[in-house]
Amino acid sequence: MVSVAIMGHGVVGSGVSEILTTHKNKLFNSLGEEIYIKYILDLRDFPNHPLKDRFTKNFDDILNDREIRVVVEVMGGIHPAYEYVKACLASGKSVVTSNKELVATNGAELLQIAKDNNANFLFEASVGGGIPIIRPINQCLVANNVSEIAGILNGTTNFILTKMIEDGMDFKDALKLAQELGYAERNPEADIEGHDACRKICILASLAFGKHIYPNAVLTQGITNITLKDVEYARIWGGVIKLIGSVKKLPNKKIDIIVAPMFIPIKSQLANIDDVFNGIMVRGDCTGDVVFYGKGAGKLPTASAVVADIVDSIKHLKTRKYLYWVDSDNSSVLDYKESVTAMYIRANTEDKDLAYNKAKELFGDIHILDNTGSESQKGEIAFVIEPMKYADIAAKIAVLENENICVQSQIRIGDL
Ligand code: HSE
């Protein structure tokens, strides 16, 4: 029997204790040992819970108990999760977490502490919820030089965009529904402003390229400015709008990384990933593109990934799994202004012909998105430009604005 402790009894934590209870026999057959939940740490009281005798409010109960070799951190947030995880790893206990904020912010340091203490620090659930992605990149695709990873990494925003695209639903109502279904973060700003997706693409980039990429180095745009007009222009262009986290290693070794809403062509595999589902494409030099798809949020999908890490930790109590990246100063990250992209641009104008001519003069070949039949599109133009450096796009947009052609929306075109 192996005793474990679970820190946090929220959506994911309660899912972990549920799976460990309901799948006890299945897990015993896989592991050859019983997993016993000795402690559940939470500041709240759960007097009617079937495991009520296991609850504690005191972290030291876990830290000082030598029987506990694996600790699960599903509290979320940085404090006190960081201090608790650090203390557990420093005392040689392995830690499993779903906490993407913690891994994206402190991953390099915690991996080093785990290494120094011959412990494991595993975080499969931190990216993609129930989708296996950390282990596949770290193990199954290890023979590849990965050149690019791109994906829909946030279930809440994908759910909201799907409701806007398919049902014409209001942004606020769709967000409320996502919160009720337990997809959104406690503070949904992290979802809708792109920070959650940013943390996840940083974790994947760090893992794939071996150096910690910190979220503060990544241009991060959310979906709060996306309108139903943009959704309609994306349809006319031949695609949909998705919030994409993307990282590429350029031939000059710079890391081109971004989180932003993008137009995705309807034939792309990522265009058809809807609702709370996530999809992640990994481009390897041996495999070509490999796409991972599944539920990226929610209680049981996320808890399923946590439980898999618990089992793996128990199987590796004596040997450290090689899961590691070094710290870095972000100097390998490309300045987003140097990044090359095609772009959709929508602008208000009193003279459409003049505005189109000016856009052609500035951007060269443009693809006009014609929605003249629509009453609501009067007095505006929309077009897609060929790829160019973002710094050049911004300079040309400034010229348009000087001509009273007021840009309302600019959305990158995803090359996916
Ligand atoms: N809020 C996150 C999402 C939860 O919507 O994807 C899973 O990380």
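**A chat about loops, helices and a ligand**

Author: Let's start with K253, which sits in the loop between β9 (239–249) and β10 (255–265). Keep in mind that this is a predicted model.

Reader: Thanks! What is the phi of K253 like, positive or negative?

Author: Positive, at about 75°, even though K253 is not a glycine.

Reader: And the peptide bond from H79 to P80, is that cis or trans?

Author: That one is cis, and its omega is near 10°.

Reader: Where do I find P80?

Author: Look in the loop that runs between β4 (68–73) and α4 (81–90).

Reader: Okay, zooming out now. How is the protein chain divided into domains?

Author: There is domain 1 (2–130 + 299–315), then domain 2 (135–295), and finally domain 3 (339–413). Going by C-alpha atoms, the centres of domain 1 and domain 3 are 50 Å apart.

Reader: I see 299–315 listed in domain 1. Which helix is that?

Author: That stretch is helix α12, and it packs with helix α2 (residues 24–31).

Reader: Nice! At what angle do those two pack?

Author: At about 35°, with 11 Å between their axes. The crossing of α2 and α12 is right-handed.

Reader: Which residues meet there?

Author: From α2 you have L27, S30 and L31, and they meet V307, V311, I314 and K315 from α12. Sorted by class, this contact has five nonpolar residues, one polar and one charged.

Reader: What about K100, how far is its side chain from an oxygen atom of the ligand?

Author: An N or O atom of the K100 side chain is 2.5 Å from a ligand oxygen.

Reader: And for G155, which part is 2.7 Å from a ligand oxygen, backbone or side chain?

Author: For G155 it's a polar backbone atom.

Reader: Last one! Which ligand atom does D191 lie 2.8 Å from?

Author: A nitrogen atom of the ligand, and on the D191 end it's a polar side-chain atom.

Notes:
Residues are numbered from 1 along each chain as its sequence is written. This is a predicted model: local features need pLDDT of at least 70, side-chain atom pairs count only at pLDDT 80 or more; totals for chains, interfaces and linings use all residues. Side-chain values use heavy atoms; hydrogens and water are left out. Axes are lines fitted to C-alpha atoms, for helices over the stretch in contact, and angles run from 0 to 180 degrees between N-to-C directions. Helices (H or I, at least four residues) and strands (E, at least two) are DSSP runs, numbered from the N terminus. A crossing is left-handed if the near helix is turned anticlockwise from the far one by less than a right angle, and right-handed if clockwise. Contact means heavy atoms within 4.5 Å. Ala, Val, Leu, Ile, Met, Phe, Trp, Tyr, Cys and Pro count as nonpolar, Asp, Glu, Lys and Arg as charged, and the others, Gly among them, as polar. Domain bounds come from an automatic or database domain assignment. A polar contact is a pair of N or O atoms within 3.5 Å; within protein, one must be able to donate a hydrogen and the other to accept it, and residues adjacent in sequence count only if both atoms are side-chain atoms.
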